[in-house]
Every structure is written in C-alpha cells, then in structure tokens.
Amino acid sequence: SSNMEDDVSLKFHQQLLLISENLVTEDVAALKFLCTDLLHIRKLEGVKSALDIFKLLMTQEYLNAEDTFLLAELLYRIKCHSLLKKLGYTKEKVQEHLHEKGRVSPYRQMLYDLSENITNEMLKKIIFLLQNHLPKQWITLSALDLLILLEKQGLLTKDNVQILEDICVIVSPDLRETIECYKKAKGTWECCLHYVLLKCTKGGVYCSLVSRKGLQWMEFFISTQAGDFCPHHQLRFQSLAAESCLLHADENPNAKPFYTFFFSFPQNMESYKMDGPHRGFCLIINNVNFNSSQRKGSCKDAEKLERVFTWLGLDVRTYTDLTSGDIRNLMETWQHLQDHKDRNCFVCCILSHGESGAIYGTDEKVVLIRTLMSHFTAKQCPQLAAKPKLFFIQACQGNKIQCPVYVETDVQTPDLSSMEKRSSLFESIPEDADFLLSMATVDGYVSFRHIEEGTWYIQALCSKLQLLVPRGEDILSILTEVNQDVAKRNTPSGTKKQMPQPSYTLTRKVIFPIPTAPPPS
C-alpha cells in the first residue's frame, strides 16, 4: 500500500513538472494573479516559477494527487487547454464542473479578462489617466501589475470597481461591458437564476432556465409533452425556477426570501430552426495584404470572429488573402457542398477593402456582394433553402473620409478600369428570401479600423453577440445594439463617425441557441 501511494505521488509530481515546463513567464504571472484570493500575498511575491505556485497550493491543501481540479481550472482560465490532458481533463469537462467546483472568484476572473483585452496602446492611455494615483518611480510592466497596484492602494476592490469603469468609458467601451457583466452578476442576492425563456413548439413547451454564477453561465432544459401554453405549465415552471434558486441558497445565506422572474412568452413571429446537431458553417475571408496597402488590425477581427462563432456552435473556416478570382471560386465551392442539408444556417464574414456594393480581392479587383450572395439562393443552393444565410461585411462602401494617424479606413482606390458596374447596398441582396446582409457602414461612406484593436464594427459585433445571445436576443435586435455601439464611437480627432447598416429578407427570427460554455474572453 505504501509503495502504491509512493507511485501515485511520484506520478502526480511528474505531471506538475511537465506542466510547469510548458508554462512561460506570462503564464506564471497570470497564475499568480488568479491565486491572489487563495494564497497569502507575501508568499506569492516570492514566486519565481509555476512549481512555486504548485507547492503553495499543495501546502494550503488546494491541490493534491486525488483532487487536481483547481489546477485544471487555472489552466483553463489562462487558456492553456492543451495541458489539461496531462491532468486527465478536457476543456469541456472543466466547463461542466466549474459552477460547482470553481474556486477563482468572479471578481478575480473579471480583472484577468480585462487585462487580457488591454492592448499596449490602451495601457499607455490608462497609465496617463491614472498618473496621479501611481508612484512616481513606478515602472509599468503589464496590465496585471497595474491592477495589483490599484488593489494594494485600496482603489480597487470586489465591491468597488468604479475607478475601472471611469477609465474604460474613456479608453474602450468594450472593456466596460466586462465590468457591467460582473456587476450585474454580483447582485444583492445571489440566486442562481437570472431569467427564464419559454418557447412553445408543436410537441410541447420548451423551457430554458438561464442562470449564472459569477461570470459562469449554466443552463437547464425542461420539456413537456403538453400542447398549448396554459396556466398549469406556468405555475410548474415557476415552481421549477424557485427550486433552482433554493438549490443555490447556500451561496448567499442572507438572500431575501423572494425571487423575481422574467418570462419571455411565445411571440407571433416564428424562429428559424437552430437547434439541430450541426449549426452550420461559418466562412471568414480575411484580406490583409494588398498590392499597395496592408489592412493592419484585421487579424484581430478574424481571431475574434473565429472564437465567437465557434462558441455559437458553427464550424469555422478561415481563408486569408484571396484574390477576386479566389473569392468567386470559394463561393462556388461552398455553394455545391452537400453537407449544408444537415445544417441550420450559413454564415459568411468578409474583411477587406471595398466600394459601393462590392468588396476587393487582394489583386485590387472588385467582386459584387450581390454576386457572392447569389450563390446561396434557394435555386442555386437548395440545401440551404428556407435556412438563414447571414453575411457580415467589414469594408468601406465609399471613400469620402480621410484616415487619421491611428485609425485607418477600409477603402481601396483601384484602377477604375478594373471596376465592375456599381450597385447600391439595397441592390446587393438577392431577391430570394432568408438573407441577412450586415454592412459595417452605409453606402458611400468609409468604415474605421484601429491598426491594433481591429475594426469598430467587428469588435462591436462580437462583443454584442457574446453579451446578448445568452439573453435570447434575435440577430436583428443584436445588430441594432451594434449600430448603437458603433455610432457612439469617435476617431481620435472626434470629428468622424460611422453607422453600420443591416438589410435583410429574413422571414423569421434568427435566435442562436444559448451556448453551454461561457463566452470567449
């Protein structure tokens, strides 16, 4: 028995050693930060390696050979998913148990998420705005170092994040949404339930209890074989919801003994079927390198789109630097794909330069948006008939505005002899039904792209999808929020604006099923 225990201990320590050897300096800093609420700050200050952190966690009995979940959670939080298998975990398995076994506080996770999204340019602005609160001799190392300093000075606590809110309003509205999400989750009572979505189907009533513990989303699905919605079912759902709250009453013993429920009852307009085993394909065309220019910051957009649409359940395929001919050939290839018949929808995102009703290939020749979309009409692609086809286009539709220093416009000025006949935005959508065309800007105008952070439109789109899909919002409502977000933004000079424009021939609502995993950071 003793030999067996020794073997288990040796294997466990070998696992820790292998993991530590695969963690770089930034990973160790992230682990230290996430463990701040678990380990004494003075002991953490002496940490030089991942092994030092593991030793501290074992000393405090947070980590042992029989229970490695905390380490798995930490690796998951810092996105070292490939190392999870060394502990016998997968990304999905960690997500499944986070709500019951997770130890990293929502507050700590929120701060870490913020730090991950603060670019070097943002950090410089934040330090400038906070210069009166920082030691004169303080040397900036990272966003995490700045957050730790603010905590040490008592300017930032789990109950007071006002200083972060004030800064984010100025530096980046997207960052503020992370803080808002944390504040909403941290209510005066921590009942697990947030709202209930009810949907009648021919087979019965579908109930989705969408709940959240901190920043971690959880779901419960209840179905009945009843027909129309009736008072009996309403009472039963209220009972089930109350039971869900009571199950989590131990999280906040001081919670008031009453609960508030928000019911979304069935509406007249139907929704497209989006609950099949395969959601659909998402194509991302990311044109960065042109003959006479480079769309810096576009890769940031492509990466964000890939994470978000993967989270929404789509099979994402990314293509980089395609000529006009490549784009046409790609559309033709996907038009004839037989796998569409088993999918619920089709999504295509194009990041490029553009002109009125068209986008450019890297050879600086135009491709009409209408031509691209026409490949997927019910006649040309019967496998996608009566299914939503969503096109998101990040490209200028004119060249009326000059670009400032840090913000470039997604407009190209090709040889006019190479241009096809112009068509307006309203002529771009095929006459066939079930299409959505969401443009970054209205016809004739430029759209803006930050050379480090990406475009206003794509960053706002991804942010709003992450925020509003879990609330059960349909795509048109989400795009209205995107319009509002982009409309509030200004170029550094404060004189240039942008307004996205969605057009559609949708016949039903497009509502993505709520993912079981938390939104990607």
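The structure is a predicted model, in which local features require pLDDT of at least 70 and side-chain atom pairs count only at pLDDT 80 or more, while totals for chains, interfaces and linings use all residues. Residues are numbered from 1 along each chain as its sequence is written, and side-chain values use heavy atoms, with hydrogens and water left out.

Across the whole structure, 8 aromatic pairs were found; rings of Phe, Tyr and Trp (its six-membered ring) pair if their centres lie within 6.5 Å, and planes under 30 degrees apart count as stacked, over 60 as edge-to-face and the rest as tilted. One of these is formed by Tyr107 and Tyr182, whose ring centres are 6.1 Å apart and whose planes meet at 50 degrees, so the pair is tilted. Because Tyr107 belongs to helix α7 (residues 106-117) and Tyr182 to helix α11 (residues 173-185), the pair ties together parts that are 75 residues apart in sequence. Helices (H or I, at least four residues) and strands (E, at least two) are DSSP runs, numbered from the N terminus. Both Tyr107 and Tyr182 are buried, where buried denotes under 20% relative accessible area, exposed over 50%, and partly exposed in between (1.4 Å probe, protein chains only).

A tilted pair is also formed by Phe309 and Phe392, with 6.0 Å from centre to centre and 45 degrees between the planes. Phe309 lies in helix α13 and Phe392 in strand β11 (residues 389-394), so this pair ties together parts that are 83 residues apart in sequence. Phe309 is buried, at a relative accessible area of 1%, and Phe392 is buried with a value of 1%.

The side chains of Ser298 and Asn286 are joined by a polar contact of 2.4 Å.  Such a contact is a pair of N or O atoms within 3.5 Å; within protein, one must be able to donate a hydrogen and the other to accept it, and residues adjacent in sequence count only if both atoms are side-chain atoms.

Turning to cysteines, the search of the whole structure gave 0 disulfides (pairs of cysteine sulfur atoms within 2.5 Å). Cys80 is buried, with a relative accessible area of 12%, and Cys381 is buried at 0%.

At the surface, Phe128 of helix α8 is exposed, with a relative accessible area of 56%.
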